[in-house]
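Thanks for coming, everyone. Let me put the structure up, and then I'll walk you through a few parts of it.

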Amino acid sequence: MADAPGPLGPVDEQALDEVVTFTSELIRIDTTNRGGGDCRERPAAEYTAERLAGAGLEPVMLERTPGRTNVVARIPGTDPSADALLVHGHLDVVPAEPSDWSVHPFSGEVRDGVVWGRGAVDMKNMDAMVLAVVRGWAREGFRPRRDIVIAYTADEEASAEDGSGFLTERHADLFEGCTEGISESGAFTFHAGHGLSLYPIAAGERGTGWLKLTAEGRAGHGSKVNRANAVSALAAAVARIGQHEWPIRITPTVRAAITEIAALHGITADLDEPGFDVAQLLAKLGPAAALVENTIRNSSNPTMLEAGYKVNVIPGHATAYIDGRTVPGGEDEFRETLDRLTGPDVSWEYDHREVALQAPVDSPTYAKLRAAIEKFDPDGHTVPYCMSGGTDAKQFSRLGITGYGFSPLKLPPGFDYQALFHGVDERVPVDALHFGVRVLDHYLRTA
């Protein structure tokens, strides 16, 4: 039976059942992406394509590499003159070690009102929400005002070369007319303490700068003095990079986030005031500081080291990898600082690079995203924020598509959504999925 008009929205009971089923069944399809090219998203792609076809759509499956499958479908709108909207989600997930989990990470178990497994929040939940909404529209016979392009991508958890990168380079025609897009990592409940519930809507992403550092030295016996030790040179450079304190750079998105979050805490924040101390302000925001503290500056975190083959042999070559991130406008500073920190004995190069993104928070689209959340949680407060990491929105931005992070979930106090991204015991409450379907349905109807 369909929900009554009003706060519950028009989605039917079947959509609410299907979003749970689809989330669980997608989790059971192991699409682990270790970054070495061995992931196979095709079974999940076939699953989504079959259910899109069941909604009367004509999905196409596209591969750059066999088994690395993407799915794209278009829902025609009633207004051919309107810009199209892209709704995208990725099918791959990061690895999970079963022995670390309370349940098997690919069980998709539904227990005590919670769906467990890798991908429950990143991001097979959103993939399932989109399927549930589209199929609900088919049962109702509803058509949106503007064309909606749905894309399920491969390889987001690595380079995106087999996923959104491939689609934008080789199949840009499928996204004709798309000017804006929505995807993961936004519109989830963030409990900021004292009963304050925030819903951060992502309107920006830091740039990605994954680096490879290389030190060349003189190989030799481990018992001999060696002033050209590649490991020593590399270790010194890695330590300097890891300990570097990057200067604060406030971008428009982060400025809006800080200002709005501070206001909700009863604090007037004038970031243009001479000598304004951003770090001191963040200390007053309690848990909410976590929404901005990772995006007020560039960052460089050492992640991998490779050197040597035997304890008594000094190798002539050593490498390290750095996860670097840049705020919009901080790219030159990043390069110049890395040149200085690595020093004369270590060279560096980009292993993977993507530009930072910003989306306007004073746009009609952002206003409609905000309204959709507040319709279903009037006590919640939406705020803009910038993602510390990145998504497929970077790739789609090459087609002129402005991206927002919007995969709505209403979460109970104590549920640490951000910690579950790439974490152990990833899970999502059934009620949160129901909320997400209703919000997503409402937004797409009004977009």
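So, what covers the buried residues of H2? The cover includes helix H1 (13–28), strand S1 (60–63), strand S2 (69–75), helix H3 (124–140) and strand S6 (148–153), where contact means heavy atoms within 4.5 Å. Helices (H or I, at least four residues) and strands (E, at least two) are DSSP runs, numbered from the N terminus.

Quick word on what you're looking at: this is a predicted model, where local features need pLDDT of at least 70 and side-chain atom pairs count only at pLDDT 80 or more, while totals for chains, interfaces and linings use all residues. Residues are numbered from 1 along each chain as its sequence is written, and side-chain values use heavy atoms, with hydrogens and water left out.

Back to H2. The buried ones there are Ala44, Ala45, Tyr47, Thr48, Ala49, Arg51 and Leu52. Buried, by the way, is under 20% relative accessible area, exposed is over 50%, and partly exposed is in between, using a 1.4 Å probe and protein chains only. An α-helix has 3.6 residues a turn, so residues three or four places apart point the same way. And the length checks out: the 12 residues of H2 (residues 42–53) should span 16 Å at 1.5 Å a residue, and the end C-alpha atoms are 16 Å apart, which agrees. That expected span is 1.5 Å times one less than the number of residues.

Next, strand S7 (residues 178–183). Here 5 of the 6 residues are buried, so S7 is largely enclosed by the rest of the structure. Two strands pair if DSSP finds at least two bridges between them. S7 pairs in the parallel sense with strand S3 (residues 84–90), over 4 bridges, and Glu180 in S7 is the bridge partner of Leu85. There's also a parallel pairing of S7 with strand S18 (residues 402–405), over 4 bridges, with Ser183 opposite Gly405.

Now an open sheet: 3 strands, in the order S4-S5-S19, with antiparallel pairing. Its edge strands, S4 (110–111) and S19 (427–429), each pair on one side only. Between S4 and S5 (residues 114–116) there are 2 bridges, and Arg111 has Val114 as its bridge partner.

Last bit, the cysteines. How many disulfides do we get? The count is 0, taking a disulfide as a pair of cysteine sulfur atoms within 2.5 Å. Cys39 counts as buried at 2% relative accessibility, and Cys386 counts as buried at 4%.
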